[in-house]
Structure formats: C-alpha cells, structure tokens
Amino acid sequence: MVGDVGIGGDASVSVQSMTNTDTRDIKATIKQIKDLEAVGCHIIRVAVTDIESCKAIKKIKKEISIPLISDVQFDYKLAIESVKNGADCLRINPGNIGSKEKIQEVVKICKERNVPIRIGANSGSIKKEYLEKYNGVNENSMVYSALENVRILEDMNYDNIKISLKASNVDLTIKSHEKMAELVDYPFHLGITEAGPPWQGTIKSAVGIGSLLSMGLGDTIRVSLTGDPVEEVKVGREILKSLDLLKDGVEIVSCPTCARTQIDLINIVEEALVRLDHIKKPLKVAIMGCVVNGPGEAKEADIGIAGGKGSGIIFKKGKVIKKVREENLLDELIKEIEKL
Ligand code: SF4
C-alpha cells in the first residue's frame with residue numbers, strides 16, 4: 001500500500017506523476033498536485049533535495065488527498081525525515097545510501113510506519129561492475145543492478161518494496177521487465193524514462209508501458225513527458241483505458257473520414273472531446289462520418305452519431321433512435337448521453 005492505494009496483487013494499476021515545482025514552494029506544489037488530482041492522478045511523487053523539502057511534505061500532505069512519495073537521492077537523513085513528515089513511500093536505492101547502518105536506519109522507520117520503498121535501476125546509472133560483467137547496458141546489467149538493491153533490503157528482512165527498471169529505450173525496458181519477472185515476485189513501477197516531448201513521449205510510453213501491461217506485467221505507471229505533468233496523467237489514464245484496465249469517462253470511437261464523409265467530422269470530434277469531458281461514467285461514444293457504414297462499424301459503442309448530407313442519425317448499440325439536422329447533432333448527442 002502506498003497510502004490508501006494498493007500496488008500489486010489484485011489492486012488496479014495506478015497512475016502516478018511527479019511534480020516539477022520546487023517542493024519547498026509549498027503553495028505552487030499543492031496547486032500542481034490538486035491539478036493532477038483533478039485529472040485522475042492516483043499517487044504523486046515529489047523530489048526532496050534538503051531538509052526544508054522534507055518539512056514541506058507535512059504541509060503539502062494536509063492539503064492533498066492522494067498519497068505522496070518522497071524521491072531522495074543518496075542522503076539517508078532526508079529519507080528518514082521524509083517519512084517522519086508523512087511521506088507514504090520512499091523512492092531511494094539502498095545501494096546509494098552508504099553504510100549498512102545508514103540503510104538499517106531507513107529500513108527501521110519504514111518498518112515502523114509501514115512505508116514501502118521503491119528501488120530499481122536506471123539504464124543511465126548502472127554501476128560500473130555490472131556494466132563490465134554483463135558487457136554494457138542491457139537487460140542483464142539492468143536486472144542484476146536492481147537486484148543488488150532488492151537483496152540489500154531482503155537481508156534486512158524488509159520486503160515492502162516495488163521495483164522500477166527505467167530506460168529510455170522501449171525494447172530494453174521490455175526485456176528487463178520480462179527477465180526480472182522470472183526472478184522475483186515484487187510489484188513493478190513501469191515507465192519509459194526521458195521519453196521526450198509530449199508527442200514522441202506519448203507514443204514511446206504507450207508502446208513500452210502498453211506492451212508490458214498487455215503481458216500482465218506492471219502495477220503502477222508513470223508516463224514521463226517533458227511538459228506539464230497533467231499531460232502525463234492524461235496519457236497514463238488513456239493507456240490504461242485502451243487496455244480496459246481503467247474504466248471511466250468517455251472513450252470516443254471516431255472514423256478516420258473518407259470520401260463518403262459528409263459532415264465536418266474532425267471539428268465535431270474536437271468539440272465533443274471538450275464538451276464530454278464532464279462525463280465521468282465509462283461510456284463508448286461513436287462519432288462516424290456516414291450513415292451507411294458508421295452505425296455498423298461502431299456497433300460496440302454505447303451511443304453515437306453518424307453524418308449524412310445536411311443531417312445525421314443518433315444510434316444506440318448500432319440501432320438508429322433519431323434523425324437530426326447536422327447543426328444539432330452534437331447537442332442532441334449530449335442530451336441523450338446525459339439521460340443515460
Ligand atoms: Fe468513411 Fe463512413 Fe467509414 Fe467514416 S464511417 S471512414 S465516412 S465509410
């Protein structure tokens with residue numbers, strides 16, 4: 001459990017993001033987290049760089065309603081302070097903390113407060129010994145480097161952990177998880193790291209995270225985009241929705257348009273996306289270009305419209321329920337959806 005969010009086992013796959021505000025700027029960080037909550041972020045991670053950031057966690061936690069992960073590098077004291085200030089999970093690699101005594105202190109407080117630790121490997125920071133032993137960056141050096149961290153905690157009788165294997169290469173990410181899944185049974189935090197700007201990063205993340213999820217691997221996901229973290233959450237949720245791992249809100253099924261299209265389909269779809277954003281129940285809505293093929297092709301949709309010349313139809317589960325003028329198509333569709 002990360003706070004009240006289950007990870008692994010029968011729990012649903014959750015969507016995480018990370019703030020890009022200065023954690024010490026409490027007001028800005030709370031605002032960003034609330035924006036992320038509003039689009040369906042399940043867990044938030046904040047970077048902790050000093051003791052002031054640790055203290056900020058306490059104040060931030062009072063204002064937000066999702067669990068918070070403290071992301072710490074190297075400094076065990078910051079890890080301990082984060083937990084004391086209410087962090088629901090730590091992201092730190094024990095191999096980077098230093099002496100056994102220091103790791104033990106972190107483990108002690110995590111045990112006392114039932115706080116899990118995310119550990120793992122990043123393709124950019126694999127230890128030299130693993131790179132040499134396994135001939136560079138590959139699934140073996142990734143997995144065995146991460147396993148070193150797993151074993152350190154297991155030797156301290158601590159197994160409240162989840163594993164991440166981050167690479168910006170999709171193939172390496174997939175192979176590393178496949179290998180790790182053969183060796184251990186811990187939950188996985190999935191992500192394609194440094195995936196890039198939103199358009200490219202969305203595709204890489206969808207392919208990488210989506211492939212792993214469709215193999216049954218992965219328990220919580222974070223899409224990394226160079227941009228607004230709100231977009232990360234939206235993309236993460238769409239990835240889950242596309243695999244039926246998350247059911248909520250409207251999924252628009254729309255045709256690519258062709259010579260038979262007789263309505264301004266592209267603009268209707270754009271407008272529908274905005275006007276249907278408030279619908280939170282899971283609903284498949286079809287917006288199709290022609291009455292000849294539209295209703296049949298979109299039979300699986302709960303409700304939909306198909307355009308004709310100057311008019312169109314509204315259909316439910318492939319059956320026509322109404323004929324309306326083109327300019328009223330979207331208004332009528334929304335009225336029918338609100339009745340459902
Ligand atoms: Fe063309 Fe009609 Fe198919 Fe849309 S639904 S692509 S308009 S045939």
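**Contacts and folds**

Mentor: Let us begin with methionine 180, which touches Val143, Ala146, Leu147, Ile163, Leu165 and Phe188, leaving aside residues up to four places away in sequence. Please keep in mind that this is a predicted model.

Trainee: Where is the place of methionine 180?

Mentor: Methionine 180 sits in helix α7, which covers residues 170–183.

Trainee: And is methionine 180 buried or exposed?

Mentor: Methionine 180 is buried, as its relative accessible area is 0%.

Trainee: What separates the C-alpha atoms of methionine 180 and valine 143?

Mentor: These C-alpha atoms are 6.0 Å apart, while the two residues are 37 residues apart along the chain.

Trainee: Zooming out, how many helices and strands are there in the chain?

Mentor: The chain has twelve helices and 13 strands. Its C-alpha atoms fill a box of roughly 75 × 45 × 35 Å along the principal axes. Of the 340 residues, 52% are buried. Where contacts link residues at least 6 apart in sequence, 63% of them join residues at least 24 apart.

Trainee: Which strands make up the closed barrel?

Mentor: The barrel has eight strands in the order β1-β2-β3-β4-β5-β6-β7-β8, and the pairing is parallel. From one strand to the next, the twist averages 30°.

Trainee: How many bridges pair strand β1 with strand β8?

Mentor: Three bridges pair β1 (residues 14–18) with β8 (residues 220–222), in the parallel sense. Within this pairing, glutamine 16 stands opposite arginine 222 in β8.

Trainee: What about threonine 23, which loop is it in?

Mentor: Threonine 23 lies in the loop between β1 and α1, the latter spanning 26–38. Threonine 23 counts as buried because its relative accessibility is 4%, and the cut-off is under 20%. Beyond residues up to four places away in sequence, threonine 23 touches Thr29, Val46, Ala47, Ser53, Ala56 and Ile60.

Trainee: Moving on, in what order do the strands of the open sheet run?

Mentor: The open sheet consists of five strands in the order β9-β10-β11-β12-β13, with mixed pairing. Its edge strands are β9 (250–254) and β13 (319–325), each of which pairs on one side only. The twist in this sheet averages 20° from one strand to the next.

Trainee: Which helix packs on the sheet?

Mentor: Helix α12, residues 329–339, packs there and touches β10, β11 (303–307), β12 (311–316) and β13. The direction of α12 makes about 15° with that of β12.

Trainee: How many bridges join β9 to β10?

Mentor: Five bridges join β9 to β10 (residues 283–288), and these strands run parallel.

Trainee: New topic: which residues are around the ligand?

Mentor: The residues around the ligand are Cys255, Pro256, Thr257, Cys258, Arg260, Thr261, Gly289, Cys290, Asn293 and Glu297. That shell divides into four nonpolar, four polar and two charged residues. Within the chain, cysteine 290 counts as buried, at 12% relative accessibility.

Trainee: How many disulfides does the structure hold?

Mentor: The structure holds zero disulfides.

Conventions. Residues are numbered from 1 along each chain as its sequence is written. This is a predicted model: local features need pLDDT of at least 70, side-chain atom pairs count only at pLDDT 80 or more; totals for chains, interfaces and linings use all residues. Side-chain values use heavy atoms; hydrogens and water are left out. A residue is near a molecule or strand if one of its heavy atoms lies within 4 Å of it. Ala, Val, Leu, Ile, Met, Phe, Trp, Tyr, Cys and Pro count as nonpolar, Asp, Glu, Lys and Arg as charged, and the others, Gly among them, as polar. A disulfide is a pair of cysteine sulfur atoms within 2.5 Å. Buried means under 20% relative accessible area, exposed over 50%, partly exposed in between (1.4 Å probe, protein chains only). Two strands pair if DSSP finds at least two bridges between them. Helices (H or I, at least four residues) and strands (E, at least two) are DSSP runs, numbered from the N terminus. Axes are lines fitted to C-alpha atoms, for helices over the stretch in contact, and angles run from 0 to 180 degrees between N-to-C directions. Contact means heavy atoms within 4.5 Å.
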